[in-house]
Amino acid sequence: MKLTFSGAARTVTGSQHIIDVNGRRLLLDCGLYQGKRKGAFEVNRKGPCKGSEIDVLVLSHAHIDHSGNIPCLVKNGFNGDIYSTSATRDLCAIMLLDSGDIQERDVGYVNKQRRKEGKEPFEPLYTKEDAARAMENFIGVGYRRRRTIARGVDLTFVDAGHLLGSAHVVLDISDEDTGKDVRLVFSGDIGRPGIPILRDPEPVRDGADLLIMESTYGGREHPPYPEMQKELRRIVQETYDRGGTLLIPAFAVGRTQQIVYELHKLYDADAIPKLPIYVDSPMATRVTEVFRLHPDIYDAEIRDFLLRDDHDNPFGFGRLRFTPSVEQSMELNAIREPIIIISSSGMLEGGRILHHLRRRIHDSKNTILITGWQAPETLGRKLVEGADEVRIYGRPHTVRAKVEVLTGLSGHADGPGLIEWADSMKKKPARTFVVHGEDGAAGVVAEDLRARGFPEVFIPERGDSFDF
Ligand SMILES: [Zn+2]
Ligand SMILES: [Zn+2]
């Protein structure tokens with residue numbers, strides 16, 4: 001059996017790991033590499049291998065850095081089964097089609113450059129059509145439902161508590177070459193205990209022989225969740241007192257639902273004034289429907305909430321409106337009284353949030369609430385860094401609205417959480433591979449694991465292979 005790391009090695013994005021066993025080739029995740037536009041396009045276009053060389057794909061969760069290259073794989077000849085949880089499949093149906101749309105638009109930018117250099121234009125990495133076709137290959141499997149996915153390979157998904165449907169992947173493998181039974185655990189992304197909506201990540205207590213684990217927040221600690229809730233309450237109240245609008249740029253998948261749920265709780269507790277909330281993101285509207293379809297995987301807090309309050313839906317309540325159509329979105333422009341608008345994209349790099357920002361950024365009564373990590377060079381990062389003027393659609397705008405940053409909403413385990421998850425394994429893996437983290441973070445996780453008696457811990461480079 002052979003393990004090859006072809007993505008998310010010494011970086012966070014583009015998760016892809018290959019297992020060769022019993023004459024079959026399995027791929028764990030097929031993520032999109034995200035980085036500076038042009039370089040990223042090249043990496044993704046080349047991909048890890050021909051689609052036709054892969055027999056089976058196992059997908060840990062729907063985030064694009066884990067799933068976003070699936071349509072490309074199918075386009076390149078992959079015709080095997082894709083195993084994921086049902087919720088992951090449903091989220092992919094929305095997210096991969098959206099990604100296809102973005103690819104079609106992005107290639108326009110690359111081709112403009114290429115034409116200048118006198119080169120042939122590229123096709124898009126994949127289209128919406130390719131993404132739709134890829135959905136045919138999915139097979140939904142519930143948590144803890146062990147099933148055979150290739151000769152001598154059994155798959156079990158375990159709840160990873162990171163995103164709706166997210167899973168740790170447990171593979172029980174009978175290797176015909178060595179005659180040995182090997183358990184390989186792939187953590188996927190590890191969730192954060194104690195946050196609402198999702199259940200806590202479930203440890204793989206019996207342990208493993210081989211472990212591939214993520215390290216995004218290695219060496220860092222999240223502030224306690226209740227502090228975030230207090231901050232949100234203060235920010236809503238202060239904006240309301242000024243008579244302003246609260247603009248919340250948020251990623252449409254997970255983050256939007258989490259904020260809506262926190263606001264819902266504050267309303268029910270009469271902790272904030274009951275101003276109308278608008279979720280202005282067509283994708284968030286569709287994703288919220290997916291959340292509603294999977295009550296089986298909510299945590300106990302959400303279930304209590306449903307029983308106690310006799311709301312039929314924690315993501316939709318009296319003061320909440322969805323505005324999927326462009327007309328509905330435009331109507332928000334005319335509203336002068338205090339409201340809350342939640343819209344994507346989370347880093348203000350596109351999406352409807354820019355239309356609202358353009359109209360409301362000049363007014364010091366308004367608040368822009370940043371709710372996640374902002375990549376360098378993005379408009380969101382510039383606002384966090386206190387820019388006085390920003391460009392929106394190429395035009396300069398003076399920043400007079402108050403910019404607030406809400407930390408602590410992350411869906412990833414922090415450094416101590418990662419180590420705790422791994423250390424709960426009774427049988428320590430003989431070999432551990434630390435992936436999905438920048439060098440510093442992966443290094444800290446590797447050191448901590450060694451200190452806790454994990455015998456061999458590696459930080460693989462992209463392209464590294466290991467035989468067992
Ligand atoms: Zn993720
Ligand atoms: Zn990830």
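User: Is E42 buried or exposed, and why?
Analyst: E42 counts as exposed because it has 11 C-beta neighbours inside 10 Å. The cut-offs: buried needs 20 or more other C-beta atoms within 10 Å of a residue's own, exposed means 12 or fewer, partly exposed is in between, and C-beta atoms are placed from the backbone.

User: What kind of model is this, and how do the numbers work?
Analyst: It's a predicted model, where local features need pLDDT of at least 70, side-chain atom pairs count only at pLDDT 80 or more, and totals for chains, interfaces and linings use all residues. Residues are numbered from 1 along each chain as its sequence is written, while chains are lettered from A and ligands numbered from 1 in the order in which they are written.

User: Ok, back to E42. Which helix is it found in?
Analyst: Helix α1, residues 37-46. Helices here are DSSP runs of H or I with at least four residues, strands are runs of E with at least two, and both are numbered from the N terminus.

User: And how far apart are the C-alpha atoms of E42 and L125?
Analyst: They are separated by 9.4 Å, with the two residues 83 apart along the chain.

User: New topic: at what angle do α4 and α8 cross?
Analyst: Roughly 170°, and the axes of α4 (residues 86-116) and α8 (residues 282-293) come within 9 Å. Axes are lines fitted to C-alpha atoms, for helices over the stretch in contact, and angles run from 0 to 180 degrees between N-to-C directions. The two helices are therefore roughly antiparallel to each other (over 145 degrees; under 35 is roughly parallel, 65 to 115 roughly perpendicular, the rest oblique).

User: Which residues meet there?
Analyst: From α4, A87, D90, L91, I94 and D98; from α8, M283, R286, V287, V290 and L293. Contact means C-beta atoms, placed from the backbone, within 7 Å.

User: What about the sheet, in what order do the strands run?
Analyst: The open sheet has 6 strands in the order β14-β13-β15-β12-β16-β19, with parallel pairing. Strands pair if DSSP finds at least two bridges between them. At the edges are β14 (320-322) and β19 (402-405), each pairing on one side only.

User: How many bridges join β13 and β14?
Analyst: There are 3 bridges, in the parallel sense, and β13 covers residues 277-279. V279 has F322 in β14 as its bridge partner.

User: Last one: which residues in α14 are buried?
Analyst: A441, A442, V444, V445, A446, D448 and L449. The buried residues of α14 pack against α13 (415-423), β20 (431-435) and β21 (456-458).

Notes. Contact = placed C-beta atoms within 7 Å.
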